[in-house]
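Keep the picture at hand as you read.

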Amino acid sequence: MSDADLETDAQRAVVEFVLTAAVYTEHREFDPDDLPPAYRAVFWEGGIERPLSPTEDTAREATGVGDPWAAVSELMFTDHDSFSGDITFSDRGIAKEWFRERADADLLEANPVLAKCLEDEIEDVDYERARERNRPARADRAVIDDLLEEYFDEDEEEEMLDLVDVHTPSEVELTLDDIVLTGEQEGEIHKIVKAIEHRDYLADIGLREIGKLLFVGPPGTGKTSVARALARKLDLPVVEVKLSMITSQYLGETAKNVEKTFEVAKRLAPCILFIDEFDFVAKTRDSDEHAAIKRAVNTLLKNIDEVSLINDEVLLIGATNHPHQLDAAAWRRFDEIVNFPKPDRGMRADILQVVTREMDIADFDPVGLAERTEGLTGSDLRLVLREAVLDALTEERTTLTQGDLLAAVEDFEERDTLKNLDMIEGDHDALVAGGSDFPGDGHDHAHD
Ligand SMILES: Nc1ncnc2c1ncn2[C@@H]1O[C@H](COP(=O)(O)OP(=O)(O)OP(=O)(O)O)[C@@H](O)[C@H]1O
Ligand SMILES: [Mg+2]
């Protein structure tokens, strides 16, 4: 892009911002969901108060243009108060005309306020569509933080924030396209997306037992990633709870905190409630755990029964590495079980393709590499790639080779052997530094 293009882009971005603020201020029928999320973020103070007064600071933050006034100062319809930093239009009509000549349907699709304003003047612009595509305010970080603050007093808040972690859709980095799914997983995700789309219909026909998924599979197979990527796809916040955390809290409060977790989810609804380490429920049942913990677990099960995708707009996803520990009472509460197996050869090759998308690799052969990585999970493959990249960097290389990757696989397997050795009771001596008893060192010493 040439400097001149960059200049026009910056100009247009700042004019769009100032114009949006002016139009929004004037037309009361707009609500915060009409503003692009980046604009909302700079004007949010427990709500969006009119008038919206754009300044150099807010313009910079909302548009990413480093010096917004410099970008638009030469336009004849702009004005600036160097004391307050306010940027205004001396002639709104000319400003709108200037913007109209440079805007297109794509640009306006992301700005419902201006889409409404220019709907009749630019082809293919549709306000309703723009509004539908715009991320709603309830999924903004600022809105969620306000809600949590309003909901818990200060002491409680800290305690709850240890237990509950809320991510907004824009904070999720991975998309579903970045995750390689089995056919079954794709089917389940598709089903749930459809169920949410047709929630009203399902309620009408009385089909309410839907929207509770249990993700089952070994560590590193993508359970957490899929829950978050789904939140991003559906544009919903995700409330994450690690069940083991409830034991680390003041015991008398645990049942209450579980209750609150569900209340938070219902308040943030529509949202995803992701309950990780679900096997924890089972562990507390038969043992002689503290009564408070048992109470908390019962509260959890009761709340799971009561929460509903159809009535409360909360999609519940549980995850566990240890399905065999779950009893019938826990299983029964989920209407779909989604299996997260270790990836087979074909999936491993696909995962390798996905995670290396941005990398430069000479004679890359993902299928060959997949053959050499039996038993590795998606998370393991990511680690292997990371090691290969770092190793190459120590040699000042940013282009990898298939050989680098194969070497990283070997390193990984060696480390994996070490990890497993540690599990074998009585064999800890083998891990003492400098010891020559390590079976993998090629010397083949007898152990005793
Ligand atoms: N099928 C896959 N496709 C692409 N990436 C994957 C896949 N499975 C795992 N990964 C990657 O591995 C990493 C770890 O995955 P994630 O945390 O989702 O696993 P998990 O199943 O939740 O593990 P745990 O049971 O330990 O919580 C992530 O970076 C994820 O992107
Ligand atoms: Mg996880």
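All 7 of the 7 residues of strand β7 (residues 314-320) are buried, so the strand is largely enclosed by the rest of the structure. Here, buried means under 20% relative accessible area, with a 1.4 Å probe and protein chains only, and strands are DSSP runs of E with at least two residues, numbered from the N terminus. This is a predicted model, in which local features need pLDDT of at least 70, side-chain atom pairs count only at pLDDT 80 or more, and totals for chains, interfaces and linings use all residues. Residues are numbered from 1 along each chain as its sequence is written, chains are lettered from A and ligands numbered from 1 in written order, and side-chain values use heavy atoms, leaving out hydrogens and water.

In a regular strand the side chains alternate between the two faces of the sheet. From β7, Val314, Leu316, Gly318 and Thr320 point one way, while Leu315, Ile317 and Ala319 point the other way.

Which strands pair with β7? Pairing requires at least two DSSP bridges. Strand β4 (residues 212-216) runs parallel to β7 over 5 bridges, with Leu213 opposite Ile317. Strand β6 (residues 271-276) is also parallel to β7, joined by 5 bridges, and Cys271 has Val314 as its bridge partner.

Now turn to ligand 1. Domain 2 (160-339) and domain 3 (345-441) both give residues to its shell, so ligand 1 lies between them; the domain bounds come from an automatic or database assignment. An oxygen atom of ligand 1 is 2.8 Å from an N or O atom in the side chain of Thr224.

Notes
Buried means under 20% relative accessible area, exposed over 50%, partly exposed in between (1.4 Å probe, protein chains only). Helices (H or I, at least four residues) and strands (E, at least two) are DSSP runs, numbered from the N terminus. A polar contact is a pair of N or O atoms within 3.5 Å; within protein, one must be able to donate a hydrogen and the other to accept it, and residues adjacent in sequence count only if both atoms are side-chain atoms.
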